Amino acid sequence: MEIFWFIVLTFMLGIYIVLDGYDFGAGIVHLFFAKTEQEKKAVTNAIGPFWDANEVWLIASGGVLFFAFPTLYASSFSGFYLPLMLVLWLLIFRAISLELRGQVHHRLWEALWDKAFGLASLLLALFFGAALGNVVRGVNLGMVENGVSTQEPHYFFLALWNPTFDPLAQHQGIIDWFTIILGLVAVVTLTIHGAGWVILKTSSTLNTRLKNIVFKLNFVLLILVLLSAYVWHYVKPISLNNLQNHYWLWIFPLIAAVGLLGQFWIKTFKKEGIGFLFSSLFILGSFATTVASMFPILLPSTNDVNPSLTIQNAAAHEYGLSVGLGWFMFAAILVVAYFIIQFRVFKGKLDDVGYGEH
């Protein structure tokens, strides 16, 4: 049952990254590339009917984590307390920016909430990328000092940064040079992803410019991906062990490579959804590669005193996992039905579906 719930959690997180990822990317596009009022409206119209529904996947993933892997939930929500609070406030500011922007028709009011929306989207992409970096790097479980565990084996706490910004330091921080690199990968990836969504859902004059921007950003992304793969192997020398032992797992990095390389032809795509498809493949392939390379570890320990949290030692009791299966199936049917209806209602271009002007 642990493996089943691990697959469910991974699937839900992957769906969340793809769906809310284009929301974040659209916010970054709104911040840097949407120049006129018409272009800004095109961006918000593209995500207006979807953004709040997409965030349900984050809440649902947290619920599955709490239910299926309570030890990991308790450990992570205490150790990552500071960044989680920052993410919460950024989500709040991003939401109220969309809702409040159209309430007062004044240039200063609109400019204020435009910046809040764009900056919150940018920082959320950066923080979620850095969060993945923290999970990949591992944490000092048990707060080991001089070979002695000073706390319970699954407890840890991280400051926002340490003085050296060294990912291999005993006293780690949320932000170091390794997590910043992965944060930048996330920012560029989601910017491309969000641009693909805007191109798919609108007929804005912004779209031609976005295709050129995506083409250029893809070179930056390629460089960052190669750099991140190199430093990941430096920080975690065993990062490729699973892929070397199980060759079928290379399907995931292959999917990511197809998605990344496909973006270089974005200017030639006749169907506007192809670019968004390739960025989705890159996101899902990259995330699946990360998960496959870590399996069965959920949160690595950077010391030799306390073991890493795995799907075995962090899972709930077998009985609880079995009972929850029935309720999950019922909820999954409702969610799938809701999203099918939503995407059918709002299919096609959304240029005429105004948002925030009531």
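Predicted model: local features only at pLDDT ≥ 70, side-chain atom pairs only at ≥ 80, totals over all residues.

Q: OK, helix H13 then. What span should its 28 residues have, and how far apart are the end C-alpha atoms?
A: H13 covers residues 318-345, and at 1.5 Å a residue it should span 40 Å. Its end C-alpha atoms are 40 Å apart, so the two agree.

Q: Where is the kink in H13 centred?
A: On Leu325, and the kink is about 30 degrees.

Q: And which residues of H13 are buried?
A: Those are Leu321, Gly324, Phe328, Phe339 and Gln342.

Q: What do the buried residues of H13 pack against?
A: Three helices: H1 (2-32), H3 (51-54) and H4 (56-68).

Q: Switching topic: how many salt bridges are there?
A: The count comes to 7.

Q: Why would side chains pair up like that?
A: Side chains of opposite charge can pair when their charged atoms come close.

Q: Give me an example. Which side chain does Arg101 meet in a salt bridge?
A: Glu37 is one of its partners, at 2.8 Å from N to O. That pair links distant parts of the chain, 64 residues apart: Arg101 is in the loop between helix H6 (81-100) and helix H7 (107-137), while Glu37 is in helix H2 (residues 37-47).

Q: Is Arg101 buried or exposed?
A: Arg101 has 11% relative accessibility, so it counts as buried. The cut-off for buried is under 20%. Glu37 is partly exposed, with a relative accessible area of 30%.

Q: What about Asp114, how does it meet Arg101?
A: Through another salt bridge, again given as 2.8 Å from N to O. Asp114 lies in helix H7 and Arg101 in the loop between H6 and H7, so the pair ties together parts 13 residues apart in sequence. Asp114 is buried too, with a relative accessible area of 10%.

Q: Which residues do the shared partners join into one network?
A: Glu37, Lys40, Arg101 and Asp114, through salt bridges that share partners.

Q: One more: which residue does Glu55 form a salt bridge with?
A: With Arg94, and their closest N and O atoms are 3.4 Å apart. Glu55 sits in the loop between H3 and H4 and Arg94 in helix H6, so this pair ties together parts that are 39 residues apart in sequence.

Q: Are those two buried or exposed?
A: Both Glu55 and Arg94 are buried.

Technical notes. Residues numbered from 1 in each chain as written. Heavy atoms only, no water. Helix = DSSP H or I, 4+ residues; strand = E, 2+ residues; numbered from the N terminus. Expected span 1.5 Å × (residues − 1). Bend = angle between axes of the 7 residues up to and from the residue. Buried < 20%, exposed > 50% of the residue type's maximum accessible area, 1.4 Å probe, protein only. Contact = heavy atoms within 4.5 Å. Salt bridge = Lys/Arg side-chain N within 4 Å of Asp/Glu carboxyl O.
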